[in-house]
Amino acid sequence: MINAASRTALATAFLAALPGLASACTGVEDIAPEISETYIDDTGQFHAVGADGWLSFGLGDQLVYFVCLVDNEKDYLVAQNGSANDADYELYSRFEWFVEGDQLYFCNQVSDAGSQADASDFVALPAADKANPTVSGCGVDNQSWNALRVVEP
């Protein structure tokens with residue numbers, strides 16, 4: 001079994017390699033999300049977030065998202081889904097986040113937009129509802145938000 005320090009090192013190496021991989025993102029700025037870090041969620045899934053990508057791994061599925069746009073004032077990013085992802089591959093996602101108390105939550109509010117512009121459209125695809133994050137408000141199925149904890153080396 002791989003320990004948390006090893007997972008963090010693997011995630012860091014993977015994120016460092018992302019700039020060399022192909023992505024259809026347009027107008028990409030090298031802005032890191034303010035939440036750039038390696039995390040674990042309540043299901044045991046790891047999430048590595050950086051300026052070039054969001055990697056989710058640990059429970060059999062490995063999902064890669066290439067960051068296209070980061071808005072740290074409105075707490076979201078838009079990314080192109082990796083071509084090897086099990087579902088919605090090469091489409092676009094919007095990840096939203098917020099902090100309540102000392103808990104960071106994220107929501108993959110949009111996972112299947114046809115373009116970067118569509119994923120960024122908060123009129124057509126409204127923001128996730130933050131009112132009760134442990135119960136609902138995220139995605140088309142109105143699921144709970146995902147709570148993240150920083151992985152300590």
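Q: How much space lies in the largest pocket?

A: Start with the general idea. Rolling a probe the size of a water molecule over the atoms shows where empty space is left. Now this case. The model is a predicted one. Its largest pocket holds about 880 Å³ of space.

Q: Which residues lie nearest the centre of the largest pocket?

A: Phe106, Asn108, Cys138, Gln143 and Asn146. They belong to a lining of 37 residues.

Q: Which strands supply that lining, and which gives the most?

A: At least two residues each come from β3 (53-57), β4 (63-71), β6, β7 (103-113) and β8 (146-150). β7 gives the most, with seven residues.

Q: How do I read the fold from the order of its elements?

A: Go from the N terminus on. The order in the protein chain is α-β-β-β-β-β-β-β-α-β. That gives two helices and eight strands.

Q: What share of the contacts joins residues at least 24 apart in sequence?

A: Take the contacts between residues at least 6 apart in sequence. Of these, 44% join residues at least 24 apart.

Q: What percentage of the protein chain is buried?

A: Buried means under 20% relative accessible area. By that cut-off, 42% of the 153 residues in the protein chain are buried. The chain exposes about 8000 Å², and carbon and sulfur atoms supply 51% of that area.

Q: Which residues touch the most other members in the largest nonpolar core?

A: A nonpolar core is a set of buried residues joined through side-chain atoms within 4.5 Å. The largest one here has 16 residues. Phe46, Leu55, Tyr92, Ala113 and Ala119 touch the most other members. Two or more residues of this core come from each of β2 (46-49), β3, β4, β5 and β7. β4 gives the largest share, three residues. Another core lies apart from it, with 14 residues, including Ile35, Tyr39, Trp54 and Trp97.

Q: Is alanine 84 buried or exposed, and why?

A: Compare its relative accessibility with the cut-off. Exposed means over 50%. Alanine 84 counts as exposed because its relative accessibility is 68%.

Q: Where is alanine 84 found, and how far is it from valine 64?

A: Alanine 84 sits in the loop between β5 (76-81) and β6 (92-100). Alanine 84 and valine 64 are 20 residues apart in sequence. In space they are 7.9 Å apart, C-alpha to C-alpha.

Conventions: Residues are numbered from 1 along each chain as its sequence is written. This is a predicted model: local features need pLDDT of at least 70, side-chain atom pairs count only at pLDDT 80 or more; totals for chains, interfaces and linings use all residues. Side-chain values use heavy atoms; hydrogens and water are left out. Helices (H or I, at least four residues) and strands (E, at least two) are DSSP runs, numbered from the N terminus. Buried means under 20% relative accessible area, exposed over 50%, partly exposed in between (1.4 Å probe, protein chains only). On a 1 Å grid over the protein atoms alone, a cavity is a set of points where a 1.4 Å probe fits but cannot get out, and a pocket is an open set with protein on both sides within 12 Å along at least five of seven lines; lining residues have an atom within 4 Å of a point. Grid points are joined across faces, edges and corners, and a volume is the space filled by probe spheres set on the points. Contact means heavy atoms within 4.5 Å. Accessible areas come from the Shrake-Rupley method with a 1.4 Å probe; for residues, only the protein chains shown count as cover.
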